[in-house]
Structure formats: C-alpha cells, structure tokens
Amino acid sequence: MNNLQRVAYLDHAATTPMVPEAIAVMAEELARTGNASSLHASGRDARRTVEEARELIAERFGARPSEVVFCSGGTEANNLAIKGLYWSRRAQDPARNRIVFSSIEHHALLDPVTWLAKHEGAEIEMTPVDTTGRILIDELRAAVERDPASVSAVTTMWANNEMGTIQPVSEVVGVARAYDIPVHSDAVQAAGYVPLDFAASQLDAMTITAHKLGGPVGVGALLIRRELEATPLLHGGGQERDLRSGTLSVPLIAAFAAAVDVTVGRQAQTVEGIEALRRRLVEGIVRVVPDAIVNGDPEPGPDHRLPNIAHVTFPGCEGDAMLMLLDAQGIECSTGSACAAGVPQPSHVLLAMGYDDVAARGSLRFSLGHTSTEADVDRLLQALPAVHERAQRASLVRGGS
Amino acid sequence: MRVIAAMSGGVDSAVAAARAVDAGHDVTGVHLALSRNPRSYRSGARGCCSIEDAGDARRAADQLGIPFYVWDMGEEFADNVVDDFIAEYTAGRTPNPCLRCNEKIKFAAVLDRALALGFDAVATGHYAQLESAPDGTIEMHRAIDMGKDQSYVLGVLTQEQLAHSLFPLGDTTKDVVRAEAARRGIQVATKPDSHDICFIPDGDNAGWLGEKLGPKPGTIVDEDGTVLREHDGAYAFTIGQRRGLRLGIPADDGKPRFVLDIEPVSGTVTVGSRESLAVDALECIKPLWCGTPPAGSLDCTVQLRAHGDEHRATVHVDPSTGSGQAAVRVELHDPASGIAPGQACVIYDGTRVVGSATISRTARVAVG
C-alpha cells in the first residue's frame, strides 16, 4: 500500500511521509461534517477541533493561539507575510517602499518579492551569502541602516531548503528591531528539525507548513504577532482574524496539529538518529566518489545546519542524469533546484554561494526523514559508483557534441 | 532493450512509445526542451517546446506507466539548428530545420546521451520503416502511409544511427495510429498535427527572420534585370514563391511570376515565369549515406522537399570529391520546379533510402 516500501526515499525535504497519528486523525475528521463557522452543534464541534489544533501548534512553536493563522501552506503563508506587510506598512507611510530579503530564499518568497518590485514599485534589496549559504549579516545591516525609515519589511529564511544552512535569524531581528521594522522568517524547512520558539525569536511573522513535518499537504500557518497589521490576500468570510478568508479545513488542520505534536514531541530523539544517518551518507559518498563535494556548513547543530539535508556536487556530472539513473534503481533524490517546464535550472542558491553554472547543474540534494533507514543510505552508496561513472560519460558526450 | 522514447507531446510519439513498451522494451519517456528559454515558446500546441506539450508528453508517459524526464537540449538546438537556419537564409539558401534536428539533435545529441547513460536505442514517432538486409546492414524504407512518410527528413541518418533507432509507426497509417491512441486512452489522440517550424510557432518565417536579421534592403528584378521594386530583406522570399510578391504591375504576358533566384550578397531577387522555374540538373554537397556509399551512376528516384514528389533521376556520385566541387550530380529525367539551394536531395532505390545530400546549385532547363 505504501509506495515508499519499494524505494529508497531520500527526498524528505520535498515532502515527508505523514505520521500514522496524523493519518488517523485526518481520516476520523473526514468522516465528520461541520463548518467551523456554523453556529449549531456540528459547527461548534468543528470549531473546537480547529481551536484545539491551534492551541497545540501555538504551544509547540512558542506562540500564542491568536498568532496562528491557518492557510494552504508555505507558499500562501510567505505571500501573505511579505505582501501583507509591504502593503500595510506602505499604506501607513508611503516612504516605506523597501524590502530587504536574502538571495537564497525559496521561490515561494523570492517570487512574491520580485512580483512586488515589478507590479507595485517596491524597491527590493537582496542580501548576499557566504560560501556555505549563510547570509552576510553585515551586508544586511548596511542595507537596512542606509535608510531604515524606507524599509517595509525584512525577511530571511530560518534554514535553507537546498543546503540546510541555518540563517542568523536572531541577528537579523536585532538589526531590524532597533528601527521597528517587522521581520519575517520562512521556517518551513526548519520546523521539526531544529527547536523553534516564535516568542523567543522575537520574529514578527514565521511560516510553517504541515507536509514537511509529517502532516498532510495543503495546510500550513503563518504565525504573526497579534498587533501587527497585514493586508489580506483573500477576502471573504473573514476567517482567521480577517487575514485569511475561506472555510477552514478541519481534517487538514487537525492532522497538522497531530503531526506537530508527534514530530516536535520526539524531535530531539529523531534528530539524533537522522544526524547519524547523514554522517553515514556523506562519509559514504566521499568514500565511493572521492571527488564529490559536500556543500553548506559542515558543522552540525541548530546554529549551523539542518540534520537531514546533504547537498553534494559531483564535478563533471549532470545532476539530472544522475537523478534519472538513481530513479531507475528506486533511489529517489532531488537536483535541489527549481524547474522551468520540467527543465532543471541552475540553482539560484548555489549561484548566490559563488558556484558557477556547471557546478550548479552537477549537484544533488539527499534529504532524510523520520522513516529513513541505514538500508536506504546503503542502497544509495551501492548504486552511486556506477551511476556516477555513467553520468560522467554522458556529460563528456555532451561537452564534445 | 533499454529504450528512450522521444515524446513531443503529440499523438505519434505517444503511440510509438506505447508500441515500444508492448514490444517488451524497458522504455523511458523523454521530452526534449529545445528552447533556450523554456517559457518563450509558450503559445499553444503547435511548436514542440511549449509547456503544454511537455505536459501532454508527461500525461502520455503516465498512462503508459513509464518513467518520464525532460532533457534540456536548448543549447545544442540553438547552435546546430536555429543558428544554422539563420545562416542558411542569410546565404540565400532554403534549409530544412527538421532534417538538421534529426541529424544533430534527436539521433546525435540525444542518442549519444542515451547510449552513454546505458540505453540501447531511441524510439520516435517518425513514419519510416527499418529492415535488416541479409548482409546485416539496416535499411530504411518509406512508410506504408505515403501521406505521412517521413523518410525524407530521416535521410541524413547513417548506419550507426539507424542501428540505434526504432520507428514503431512505419508500418501503420495515421488513421490507425489515431484510433490506436484513442483506444489506449491517450489524451492527445485528437491533437492536430504540427506543421510549422517549431521555433517559429506562428508560421511567419519572414517576420521571424526579419527580427533576427534586421532590414537588408534589395531589389526584385525580372529576368531581363529590370527593377520591379525594392524589398526589406531577401530572406522573406523562397524560390518558387508566387504569393506576396506585390509587384504592382503585371508581367508583359499577364501570367503569374515566381521567385527564380535569390542572390544573397546583393539581396537581388529574380522573378519570372513558371517555365523558367524548371530545373533538370542539380549539384549537391555534403552527402550522407545510409549504408555503403554508392559509386558511379545510379538510376533511382529523388525527393527534393518534405512531402514533395518523387522524381526519376540519374545520380552520379564522385567518391573523390575535393572541396568546392559537387560530390553528387543529379540529372532529373523530367524537370522539377521550385527547387532551392539548401534543400536536401534524398535519394531512393524503390522505397529504400540510399542517402542524402544538400543541393548547392540548380541548372535551369534551357528554354528553347
């Protein structure tokens, strides 16, 4: 029944299997009827499920329940955060027209920011990163301090989705707070793998999504401080403190909460196991392919990198050829970059880190999760030498044509 | 065999892939992204590079239960096909980019990559037939469906390439292929055939070339050299063209006029009567043979355009050609018209493709 039983799934950063508890809760809720906005008993039951979920998620992430705004997932939460803050702050003061963001953001943030530049006249300023993929905080500070009154928002992801590199979020907050500039962080990839405390972080808004931590696809949340005004993207029934209209999906929200409960609850223990697996993976890769380069921050720990992502460059190979050959053997990973019409584009993250186009194309992302085993890793290590050799040959053919 | 099925998103390549699966091969579907900027060819289902086409190919692969990937061949395509197309027009010739794509991309860059990655062959939805000859060579023959036969655009393939090619549709008519697609539940069963040059989706070759090359003014003259009008670029004309000449004044005899010749350096376009279009001798360069190169003279048929007529001909092959000389001379038994340098001359022995060469010069029938 489970499609992952026959494959070595090394793409948990794309999406990870739902935890059984979340599946059970979701199935139960799917069988029930009730609109959380209805006034009758069924409606009240649905509302109660939603609010309990909200309280649980808030508690697990160090937020107040009223700060949890449910939505469809990471893309929507990022759009709501950056567009909502930009529109609202600019409406209060037209001088606030700048957005400071990092060069390694996910497209779900990068694209709304560039959209605001193109269609709303926003002035956008990109913070560069070092060779491990961590933003240069001094550059960010300089960008903000050049004219703090003109900044509508600052956004820096918590952990990069391709490299796993953790960003200096508290330092970013430190820079912006001095000028009362709101700070948002996309924590989609970090949630479930590093401790997240919204209140302690002093962030103004933070994005999380269910399907990266054992919940279903299609639900996420923007944690956003109560006193902060943001312009909604969706107008309608006024749900979610008027920030996000639309009938609440009780089954998705309940399953999201169940996943957060389980995953964050046993995070310390899971992470330890995953970190050990990652060590086995990267040590194995450089053993079987000696010229492979493991990218990002080598140091483990919540100030350095996520425990579950290994991003590797194979010089002289094309990542998509390796992906295809591994896929044919039931080993699933990612080229770690965005696609345009199915064509992998060189990753903007690697380019921002100073890699050239060729190196950027010759990379793969392996990501582990709560169901990963030593057998998964060993299957990759066994297949890799032959796959690497073939992909190298294909790349040579191409260079010579 | 492990087979790459090149899937354009159309009916033919989908059914070809399905037949390769039925034949017991281990098939992987591949859609070729041929545009440097994958978003640029977005307009509709006519080109082979639109996002819709990639999606259609993916759906067909899903339905066949085969893996599917997009291969980015944008750079190779731009260098070998698009740039060549522009260069040929600049030189006053009329290239066939589909032939060039088969020669340099589908059965070269794609095939080489497939072989390097451990595959044995590439299957496409082209209408042509492959047969093994008693001596072990592989012969390419015209398709059963003469209306769809594509052996002309495959006439550039060598033994080595044919040995790793599969054309599962060659023994079938298009009607049957469409019915089969419908029966198999392939969504693209009713999708229209593509006709245009894929990188010029609106079909306006002259407009596209005008954008790339800019205005290159010249004159249109009649056969006596009398200037009839100015034009903005000789690339807007092809030999044999009748429509769109906008000559204003009619010919002395009142008959329609056709483009007879294009002189690339001066940009002079010569027009004249239908009779003057007739040619009966061709000189060709860059021959490519499907098997052992023939020597001496050969009584055969030639095809000079995609979906063009067959012409009976005597072909003289000079095996010791130096540069600048014609490698292949073709005497047409009956005159043909509208033949332009740059077009491919594909040589047939019955239904069998012998080889091909690029027309470098034509000789008009002496009008007497």
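In what order do the 7 strands of the open sheet in chain A run? The order is β2-β8-β7-β6-β5-β3-β4, with mixed pairing; strands here are DSSP E runs of at least two residues, helices are H or I runs of at least four, and both are numbered from the N terminus. Two strands pair if DSSP finds at least two bridges between them. This is a predicted model, where local features need pLDDT of at least 70, side-chain atom pairs count only at pLDDT 80 or more, and totals for chains, interfaces and linings use all residues. Residues are numbered from 1 along each chain as written, while chains are lettered from A and ligands numbered from 1 in the order written.

At the edges of the sheet sit β2 (68–71) and β4 (123–127) of chain A, each pairing on one side only. Further in, β7 (205–209) and β8 (220–224) of chain A pair in the antiparallel sense over 5 bridges, with A205(A) opposite I224(A) of β8(A).

Turning to the helices, the axes of α5 (137–146) and α6 (169–177) of chain A come within 10 Å and cross at roughly 20° (axes are lines fitted to C-alpha atoms, for helices over the stretch in contact, and angles run from 0 to 180 degrees between N-to-C directions). α5(A) and α6(A) are therefore roughly parallel to each other, a label for angles under 35 degrees.

As for the two chains, 16 residues of chain A are in contact with 18 residues of chain B, contact meaning C-beta atoms, placed from the backbone, within 7 Å. On chain A's side, α10(A) gives the most, with 6 residues.

Note on methods. Parallel < 35°, antiparallel > 145°, perpendicular 65-115°, else oblique.
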